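Trainee: Please show me how to read a few features of a protein model. Where do we start?

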Amino acid sequence: MTLLAPLFFAGLLAVALPLWLHRLSAENPNKRLFSSSMFLEAGEPRRVLAKKLQYLLLLALRIAVLMLLVLAFVQPALWRPPQAAGGDGAELHVIVLDSSASMAAGNRWDRARNAATDIVADLAPEDRAQLIAAGRVTELVTAPTVDRAVVRQGIASVEPGVFHLNFGQLMRALDGVLRGAELPVVLHLVTDAQQTGLPTRFAELAPRDSVELQVHAISASESNAAIESLAGSALDGELTAAVRNFGDRTLEKTLRLERNGEVVEEKTLELPPGALVQTSFDALTLAAGPNRVRAMLTPADDLPQDDVRMVALKRPEPRPVLLIPGDLRAQGTLFVETAMETLEALALDTVTTTAADLGDQMLEEYEFVVAADLGALGAGEIERLTSYVESGGALLAALGPRSTAQSEVPITGQLFEPGAAAGSSDAYVSIGTLDVSHPALRGLDTLRAAKFFRYAAIVPAAQDYVLMSFENGAPLMLERNLGNGRVLLFTSSLDKEWNDLPVQPVFVPFIAGIANHLLGGAGFSNEAALGSTLALRAMGLAGGQIFDPNGNAVLGLGGGTDDVLLDRIGFYELVGGGSTEVVAVNFDTRESDLRAVDAATLERWQGLGQRSETVAAGAAPAGSEEVAPAPLGYWVLFLALLALGMESWVGNWHLRIRRGLSA
Amino acid sequence: MPAAGPTIPRHLLQPEVLAGLANLDLIARAVVEGFLTGMHRSPFFGFSQEFAEYRAYSEGDDPRFVDWNVYARTDRTYIKRYVGETNTHLVILLDASASMGFGSKAVTKLTYGKYLAATLAYLAARQHDAVGLIVFDQDVREHRRPSSRPGHLQGVLHAIDRAEPGTGTDLKVPIERFREFEKGRGLVAVISDFYCEPEALLAGVRPLAYQGQDVVLFQLLDPEELKPELKESALLQDMESGETVEVSPIFMRSRYREKIDAHVESLKKAAIGAGADHSLVDITQPLDAALRSYLLFRQRRG
């Protein structure tokens, strides 16, 4: 006997309440003054005694109800050995059908079903069976049952999926499922035992101590080739495919390339055993918008799902960027402009204008603005830039000599520290802290190599986020959200007047990161892994719709449209925010390698799941986790309800006596 | 016809209405005036100021009653006398024991008894009867000998007003006090709940009858004493002895009612046996029934 929540015993204090009420009632009977007792007669002693006894019984029942309720909350439980529930010799046979994508190869699935059916047929009459399908998630197809027909029906209903199965994760999931089992468990794993499904640590394959593991390997020597990758450039339309032969004989395959359903090119490949063959296609002419490009191997092999690979290519639209060099340093944005011209993937179209001509520009047309020296701009220009940012624009602003002459930073309003233009041409400072997790600076540790001779020392405001700061703690780059837009403030120059950053190799990736960030995360991936989720809100498509490869509108997980599980192979179409994006979801190539683990490994694996003799004999050690506690809470609750019913009945009886009604 | 008729402003006689009046004198006046106003066509009309005879003025008579018209014609002073002022005296024995403090509604038995006593005193004084008062429980707590002197009524009313529930009841004590001081014939009104044995009542009243007194017994009882309604078993405590008895609703609805009815009936028989009148008064009822009972009694004995 054990108590699962003994703290609830504190509820026994409530017993004091009926005791107190009883005492109160005994001390204060229903007493009243009467003019004379001359004609009064005391009630019959038998009736008075009956009333007292009834009241004591009522009190006892009330206390019993309270105590039973407390006991129900305390959740008493009995330790019960597993075999106690199922009778002598009964076992629970858990049949786990590997429903990963590789099980669709050849006739593996038929053999797996047959193996599972054979297991069911061999069960002893008192045994129970449970069917579990193991794919991306562990699905309980049937509950433990003695009805063989239910299990067979479950076997017939399960189909192989498209996901990869890791045996280590499977065993951990089964641990949770089997934890409450009251019978000795025999775990039958019907699988193709793919090598790629093995976990990094072999020990992860071990089931719980009390579980006997039987691996029913149904693998065969199917031949398989798969397109492992298909990569292309949206700028020039060049494509490269990598095809691997997983079989042990040479294959000759035709690789066909389709663009938007139209065959563009075909190649014949000779694939030696185990070889990876890469091939390039002629440059594709991409249509406007997303292009669905598909590579396909023919003829199909035993696993046709991995003979197709897809990629979505979208020719980038030119993105105008406005550059405003400081008037005293007309070359202030030269290095930035040059860096942007090299960023073909971002398709930035730079336009340079002077501060004086800024009034002629329609700022809203630009994706973002780069100002080399904010201090060089007049009040009108500053006001226009501020309005542009607040309405959703983005600005990269540097602080030059003209800026430090002012009392505070224009637009963002940070205060300059005394002697704002710090540093000298002799001594330099380097970058001290750098947030490489920020999208603008991801992977840019080499920025620390840059030397900064001068910078504008400012005091960051509370709403500023410091992305980079010098070794002396002075901020180098800050981010400020302003209205609906954002400002990146660089406290040194963007040319090599105050630092040597523009001549460092990291400058172009630095500008690329900033541009990508100011474009609003334009690094939209057009390929996603099978089983992953698309975070629509993060992609700015929160109000949009998503269609699966079959053209059906898909709702997000949890009923919303924020996150969508990608559980089909093909092109997902995302419509929203005035644009259409296409995401290619491809077969998990880990499932393409159909080779099974060798017999020795399989034997070692099965050896991990031998039940201990003690458990097999049914003498479970007391207190071990194999001995599941049997909760008694429902029984106690039932008794409490029974006592409550009796309390009502006795209470009514008691009232009848008090009212002098005939009993 | 003896009925007072519908013209009596009965609401003025309701005990709960009277309880709202602060002054016992005012209560008595309101009751009597209201009662008599409604009786102007009743057989009791003759009890008002009806001329009876002249008698020669003697020293000590009130000069206000000298008939100056006769004096002008005959040059002799005569006192004009009326029927009602020639007869008798009324002594009220008011029980102020603890049990009289019982009452389930607006007024207790003692309060009702005080209203009744004051009203009787006022009515008698109005007819120039001498009015006396004995307030008692186990002892005599107030004693006012009968007198028709001006201002005596006020003293009687004040004595009634002062009465508060006391201890137990002993009917023999006030009667012995009465017999000790009052030798002449007269009227005796005993106001009590008479929680005593009929034999004890008989023993007390009979000597009065032998003395030539005309006795009327007003037995005041609350409806809860006559027809108690208990919803559940209760511990009832005697207001005089403090004794507690646990009774059941069944008993109070059946056996108790039989016993109290038998007791009232026994008292009535005992009263008749002693030559007295007995009147059972429900203290939730207006006072006119008790007054009418008194006037009938007064007429019969007058």
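**Strands across two chains**

Mentor: A:Leu33 stands opposite B:Gln237 in β8(B). This is a predicted model, in which local features need pLDDT of at least 70, side-chain atom pairs count only at pLDDT 80 or more, and totals for chains, interfaces and linings use all residues. Residues are numbered from 1 along each chain as its sequence is written, chains are lettered from A and ligands numbered from 1 in the order in which they are written, and side-chain values use heavy atoms, with hydrogens and water left out.

Trainee: How many bridges join strand β2 of chain A to β8(B)?

Mentor: Two strands pair if DSSP finds at least two bridges between them. Strands (E, at least two residues) and helices (H or I, at least four) are DSSP runs, numbered from the N terminus. Here 4 bridges link β2 (residues 31-34) of chain A to β8(B), and the two run parallel.

Trainee: Which strand of chain B pairs with β8(B) in the antiparallel sense?

Mentor: That is β9 (residues 244-247), over 4 bridges. B:Leu236 has B:Val245 in β9(B) as its bridge partner. The hairpin of β8(B) and β9(B) has 5 residues between the strands, and B:Gly242 takes a positive phi near 80° there.

Trainee: How many residues of β8(B) are buried?

Mentor: Buried means under 20% relative accessible area, exposed over 50%, and partly exposed in between (1.4 Å probe, protein chains only). In β8 (residues 234-238) of chain B, 4 of the 5 residues are buried, so this strand is largely enclosed by the rest of the structure.

Trainee: At what angle do helices α6 and α7 of chain B pack?

Mentor: Axes are lines fitted to C-alpha atoms, for helices over the stretch in contact, and angles run from 0 to 180 degrees between N-to-C directions. Angles under 35 degrees count as roughly parallel, over 145 as roughly antiparallel, 65 to 115 as roughly perpendicular and the rest as oblique. α6 (residues 172-181) and α7 (residues 198-211) of chain B pack at about 20°, with axes 9 Å apart. α6(B) and α7(B) are therefore roughly parallel.

Trainee: Which residues meet there?

Mentor: Contact means heavy atoms within 4.5 Å. B:Ile175, B:Phe178 and B:Arg179 of α6(B) meet residues of α7(B), including B:Val205 and B:Leu208.

Trainee: Where is A:Ala193, and is this residue buried or exposed?

Mentor: A:Ala193 lies in the loop between β7 (185-191) and β8 (211-217) of chain A. Its phi is near 50°, a positive value in a residue other than glycine. At 1% relative accessibility, A:Ala193 counts as buried.
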